[in-house]
Amino acid sequence: LEHAHWITDEQADLMAEHGTYYVPTFTVVNRGLELRQAQGIVGERGYLEKAIDVKYQSLERVHKAGAKIALGTDAGFVVCHGENARELEAFVEGGMTPMEAIVAATSVGADHLDMADLVGTVEAGKYADLVVVDGDPLEDIRIVQDLDRIKIVMKDGKVVTQRA
């Protein structure tokens, strides 16, 4: 389920029971709110404000139920490609541990896309796409959003970006 703002406890339990993936897409809603504020739109709480509140509640329910949570952002709409690290921060704000958020973005995401044999974990025979950061994202997940702290990016085992 992508977006899925208003998930009940019963629905979350059914998702866990049936192996349904939840992709909450916080970033698209947060970006929409930022654009709204930048345009000076104020007044009655609109759809986006209500949606973000219940989206966090839905994440909490799905997480508590033990259903699979994967990362997605709707990049290409109001979210730029490359901003997916913002979703990790939202996951942590919503009650997941930093490691759970990272796993949602890597191995759970790969499994959801039926690509777990190729990507999602670091092991022999996989593509070896890696990001090395200066710092510990388990202490502060936001560091993965800071380009100055991204020191190495590897794609298919080859360094494509390296910063001093």
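Both Phe26 and Phe91 are buried in this predicted model, and the relative accessible area of Phe26 is 0%. The rings of these two residues stand with their centres 6.3 Å apart and their planes at 75°, so the pair is edge-to-face. Because Phe26 belongs to helix H2 and Phe91 to helix H4, this pair ties together parts that are 65 residues apart in sequence.

Across the whole structure, the search finds two aromatic pairs. Phe26 and Tyr56 form a tilted pair, with 4.5 Å from centre to centre and 40° between the planes. Here Phe26 lies in helix H2 and Tyr56 in helix H3, so the parts tied together are 30 residues apart in sequence. Tyr56, at 22% relative accessibility, counts as partly exposed, whereas Phe26 is buried. Through these ring pairs, Phe26, Tyr56 and Phe91 are linked into a cluster.

The largest nonpolar core comprises 22 residues, and Ile7, Tyr22, Val62, Ile69 and Phe91 are those with the most contacts inside it. Two or more residues are given to this core by each of helix H1 (9–18), helix H2 (26–38), helix H3 (47–65), helix H4 (85–93) and helix H5 (98–105), with H2 giving the most, at four residues.

Helix H4 has Ala85, Arg86, Glu87, Leu88, Ala90 and Phe91 as its buried residues, and the elements covering them include H2, H3, S2 and H5. The helix is followed by Gly95, whose phi is positive, near 110°. Among the buried residues of H4, Arg86 meets Glu83 in a salt bridge through their side chains, at 4.0 Å from N to O, and both Arg86 and Glu83 are buried. These two residues are also part of a network of salt bridges that links Arg31, Glu34, Glu83 and Arg86.

In total, the count comes to 10 salt bridges. One of them joins Asp111 to Lys68, with the closest N and O atoms 3.9 Å apart. Since Asp111 lies in helix H6 (residues 107–112) and Lys68 in strand S2 (residues 68–69), the pair ties together parts that are 43 residues apart in sequence. Asp111 is partly exposed, with a relative accessible area of 36%, and Lys68 is likewise partly exposed, with a relative accessible area of 36%. A further salt bridge is formed by Asp140 with Arg142, where the closest N and O atoms are 2.9 Å apart; Asp140 is partly exposed, with a relative accessible area of 27%, and Arg142 counts as partly exposed at 48% relative accessibility.

The model also contains an open sheet of three strands, ordered S3-S4-S5 and paired in antiparallel fashion. Strand S3 (130–133) and strand S5 (158–162) are the edge strands, each of which pairs on one side only. Neighbouring strands of the sheet are turned by 20° against each other on average, direction ignored. Strand S3 is joined to strand S4 (residues 150–155) by four bridges, the two running antiparallel, and Val133 has Ile150 in S4 as its bridge partner.

Key. Residues are numbered from 1 along each chain as its sequence is written. This is a predicted model: local features need pLDDT of at least 70, side-chain atom pairs count only at pLDDT 80 or more; totals for chains, interfaces and linings use all residues. Side-chain values use heavy atoms; hydrogens and water are left out. Two strands pair if DSSP finds at least two bridges between them. Axes are lines fitted to C-alpha atoms, for helices over the stretch in contact, and angles run from 0 to 180 degrees between N-to-C directions. A nonpolar core is a set of buried Ala, Val, Leu, Ile, Met, Phe, Trp, Tyr and Cys residues joined through side-chain atoms within 4.5 Å. Buried means under 20% relative accessible area, exposed over 50%, partly exposed in between (1.4 Å probe, protein chains only). Contact means heavy atoms within 4.5 Å. Rings of Phe, Tyr and Trp (its six-membered ring) pair if their centres lie within 6.5 Å; planes under 30 degrees apart count as stacked, over 60 as edge-to-face and the rest as tilted.
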